[in-house]
Amino acid sequence: MARPHIEPFVDRDVSFRKFTMPGFPKGMQYKMLSLDPDNGACTMTVMFEPGYRQPPGMSYSEYELFIMTGSITVGDKVHGPGSYFMVPAGVSIGALSSPRGATGLLFYNYGEPSFVESDSDHPRAERHKFAVVNSYDDMQWTSTNFFPATAPGCLVKVLHFDERTQAFTFLYCMTPNFWQDNISYHDCAEEAYHIWGTSWMMQFGDLPTGGYFYRPPYINHGAFGCKLGTLAIGRTDSRLYNHFHFNPWTNVEENRERAASRVQHWMPDLYKWINTHGHNHPVDFEFTHGHAHGDTPHHHGDGMVEHSHKKKRRRRK
Amino acid sequence: MKSIPHKRSREVEAWLKREITEQKARYRKIVAEQDALEPKRTKWVAEFLQRIQSRGTHVHFNIMRKVRPEEIPVQPKRKFRVVV
């Protein structure tokens, strides 16, 4: 089981509470937004209390941190609102402090929150993927470049793009009086948090400031509207494609079926290949073979992609 | 490498268990709230189905097309669930 469908949830309706996860220093508070019961991956609104101090350290899971108010200092650099950190698993970041306090969002994408004090990277860390940017000051809004695209008035700043999964994290805004009259669903899971503003969706009603959703794949959302404008941050777990339609009553199974049918027509040769090979274990020559790290979903003709392989023992000669 | 294999402590397992329990309660509350929104949603859907016939539905960016009356879907008899 992955994360459930949490939509909508408004974090302004609940109070912060102390973050008591072992390993983390005192002085951090949180509100849980969504959590994967299997691997502990989660998204939280967090508050660093004034005077918070954290020594250099790493996490076992990749995580992303977005600062909404106040500021944090990492090393000797101050990071204010709009600052975004992409920290791969095992990458040690410098001492972190927040003399006057800060609030932000923490996304632990592949495992439960963890903190291990260390001033050096884990041997398996991918340091080259570490990124920091101030999305408010150093990036400009662009139109979405998906096809088919969202309606005019929805603009994005892409903060992170994963080459392999095409998952991405993005700031988005809806201009005042934005509207889009269709229903959408995606093959990916997506989550979003409203930093400021209220938007409306035909299924769920208004999502105000502090509003959040975690939406698994193939769930209808839209039509859309926004009277006064909205600033939000979103994230997907893989490639986002806008499957648009106008039937309000289709369910997940029907939407998935339609998506598969579309793949059949858009990529007939690939579709046929996937269907006819007993051992479906495609290898991407640009990336490490899945069996080596067990991170590539595949099946052995039975369609069961959610399985793992134990490491094979080598026989001694 | 999205996550590095490691062993969870008993305290971490307990923290996760607590959070999972609370999430289940949060989920049930959301479902109840969304069920209560049904009358408004019915009105919004009716208005949407009217708009896409008069103003059109978005196909790509600013490209819209008007939906013909015979294309308008009919609501199935099953329960209309928006939270899955």
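1. Let's start inside chain A: 19 residues of domain 1 of chain A are in contact with 18 residues of domain 2 of chain A. Two residues count as in contact if their C-beta atoms, placed from the backbone, lie within 7 Å. On the domain 1 side, strand 1 of chain A gives the most, with five residues. That side of domain 1 divides into 13 nonpolar, two polar and four charged residues. Here Ala, Val, Leu, Ile, Met, Phe, Trp, Tyr, Cys and Pro count as nonpolar, Asp, Glu, Lys and Arg as charged, and the others, Gly among them, as polar.

2. A word on what you are looking at: this is a predicted model, where local features need pLDDT of at least 70 and side-chain atom pairs count only at pLDDT 80 or more, while totals for chains, interfaces and linings use all residues. Residues are numbered from 1 along each chain as its sequence is written, and chains are lettered from A and ligands numbered from 1 in the order in which they are written.

3. Seven strands of chain A form an open sheet in the order 1-23-20-25-17-16-15, with antiparallel pairing. At its edges are strand 1 (6–10) and strand 15 (142–143) of chain A, each pairing on one side only. Helices (H or I, at least four residues) and strands (E, at least two) are DSSP runs, numbered from the N terminus, and two strands pair if DSSP finds at least two bridges between them.

4. Three bridges join it to strand 23 (residues 211–215) of chain A in the antiparallel sense. Within that pairing, A:Ile6 stands opposite A:Tyr214, and A:Phe9 has A:Tyr212 as its bridge partner. Why is strand 1 of chain A largely enclosed by the rest of the structure? Because four of its five residues are buried. Buried means 20 or more other C-beta atoms within 10 Å of a residue's own, exposed means 12 or fewer, and partly exposed is in between, with C-beta atoms placed from the backbone.

5. Next, the two chains together: 44 residues of chain A are in contact with 41 residues of chain B. Strand 1 of chain A turns up here too, supplying the largest share of the side that touches chain B, three residues. That side of chain A divides into 26 nonpolar, 12 polar and six charged residues.

6. Chain B has two helices and two strands, running α-α-β-β from the N terminus on. Its radius of gyration, taken over C-alpha atoms, is 22 Å, whereas a compact globule of 84 residues would be near 12 Å; the globule rule is 2.2 Å times the number of residues to the power 0.38. Along the principal axes, the C-alpha atoms of chain B fill a box of roughly 60 × 35 × 20 Å. Of the 84 residues of chain B, 12% count as buried.

7. Finally, confidence. For the complex, the predictor gives an ipTM of 0.96 and a pTM of 0.92.
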